[in-house]
Amino acid sequence: MNAEATPLRLRTPPGAPFAFEIAVDVRGPRGFRVIEPGQGARSYALVRAEQPDYLDLFEALARDFGSRMPLARTPPPPRNGGPTLRPLLTEPVAPEILYGYGDPCVVRVGEGEWRLLVTSNDAPNAFPILASRDLVTWQLTGFVFPEGRAPAWALTGPNQADFWAPEMHRVADAYWLCFTARMQDRSLAIGLARSEGPDGPFNADEAPIVTGDVIDAHILVDARGAPWLIWKKDDNGVWPRKLAALLHREPARVNELFAAPEDQRTAVLALTLWPWAETLEPMEQFFVLQPLIEAATAEFTGFAERLEELEARARGAEAAEIAAIARALRTRIHAQRLSADGRSLEGEPVVILENDQPWEAHLIEGVWITQEGGRYHLLYAGNDFSTARYGIGAAVADAPTGPYRKSSEVLLSSSAEWWGPGHPSVAIGPDGLHHIFLHAFRPGVVGYKAFRALLAAPSRFEGGVISLDGSWLRRTCLGRERPA
């Protein structure tokens, strides 16, 4: 289907529990006209094709047609206690920083010297580098890949590029940087770059070190001095497309997979839109399919069980397709040894973590591992980054590849002040104590390209337990007495 043909007229295939007719106007800003037989027509116009605009659309559809209300428009569940997070950066320190401080990597690079690197999405200058002498005042020192300096394999350009989750670590006598970028075929890959100093210039390898829709790389140097690469296989970006395609071909499966009427309606809207949605750039496609994702994960265990039952009844190609969706409901964190020069991987990758806790729902990501007390303390994020259900979990192991023992409870969740805390990093502060650094959204302003603030909390790694001490936070201000 030609994505520029206008208007596109879409009808729900026969067999679905509900039926819609949707006209999509793609001349400039998106426009939608939705008809449910017997209910009349409603028209909607998007100012832009960004996530907040689609959230407005799906919020209106929920009111008008009984589909699921977007999670991004609902407050988080009440949090019982927990530390008060300290905001460090709540505004851009330079106009070139377009999207705030998502996926923050804070590293100490010398006595009284720290650097911060953050996600830049499709900004022309990729990966801001900020410097601080006290973790309170920051200044922009440059970019890992200034405009025109990105690796040749990485896709660039507005609404196409995705430069995510940079991490910098001192390895031997150089600074190694791992990052995620989108390749020319739109798949996600992990690259490595190196510099003699923490502010660059960084020279990227000619090709990615890991490909195949992978994100959120982390470099760990183990107790013996051997470097490891940790990453996530981004299967949670795969199964929604496969599910939408399956439901479009077999709309009667909606009732078999979704129990709640609002989720059935959401699924029917998604399968109706799929012939158009499959032509979109990856992030806009995610915006369109996000309600389907939330319908599937609202009762995640039940949905997974019903999918397995459907797989057992299916035959041939459909059974294989359902099996692929079921496998992709598990997002897996991998670890593999890096060569001494960091130019290649050695041995075979090992799965060290996957989503298996209720609060995590369909995904985990953003791993950071800290060695302390002879153990490997792993922090990670879980659930959907663009909602208040996102949070931080913890696990501990005696070796880099595990087995990791997870805490049964979320370590840090949303509060009334900050939504979606996630993608942690750990550094020792001026006080000589470990601190966790993370991003979060202001309440109700969440999503891709929304501003994310940099927050911090002191942490303890003791007896195989990772904890955030709220009373400790009140006593300290990153090494300084907090003013009364």
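Q: Which residues do ring pairs link into a cluster?
A: The cluster joined by ring pairs holds Phe32, Tyr54, Phe58, Trp276, Phe286, Phe287, Phe385 and Tyr448. This is a predicted model, in which local features need pLDDT of at least 70 and side-chain atom pairs count only at pLDDT 80 or more, while totals for chains, interfaces and linings use all residues. Residues are numbered from 1 along each chain as its sequence is written, and side-chain values use heavy atoms, with hydrogens and water left out.

Q: Why is the pair of Phe32 and Tyr54 called edge-to-face?
A: Rings of Phe, Tyr and Trp (its six-membered ring) pair if their centres lie within 6.5 Å, and planes under 30 degrees apart count as stacked, over 60 as edge-to-face and the rest as tilted. The ring centres of Phe32 and Tyr54 are 6.5 Å apart and their planes stand at 70°, so the pair is edge-to-face. Phe32 belongs to strand S3 (residues 31-36) and Tyr54 to helix H1 (residues 51-65), so that the pair links distant parts of the chain, 22 residues apart (helices, H or I, at least four residues, and strands, E, at least two, are DSSP runs numbered from the N terminus).

Q: What makes Phe32 and Tyr54 buried?
A: Buried means under 20% relative accessible area, exposed over 50% and partly exposed in between, with a 1.4 Å probe and protein chains only. Phe32 has a relative accessible area of 5% and is therefore buried, and Tyr54, at 1%, is buried too.

Q: How do you know that Ala361 is buried, and where is its place?
A: The relative accessible area of Ala361 is 8%, so this residue is buried. Ala361 has its place in the loop between strand S17 (345-354) and S18. Leaving aside its neighbours within four places in sequence, Ala361 is in contact (heavy atoms within 4.5 Å) with Thr297, Phe300, Asn355 and Asn383. Ala361 and Glu294 are 67 residues apart in sequence, yet their C-alpha atoms are 9.8 Å apart in space.

Q: What makes Arg194 count as a charge over the ring of Trp176?
A: A charge sits over a ring if NZ of Lys or CZ of Arg is within 6 Å of the ring centre and within 35 degrees of the ring normal. The charged end of Arg194 sits over the ring of Trp176, 5.6 Å from its centre. Arg337 likewise lies over the face of Trp228, at 5.8 Å from the ring centre.
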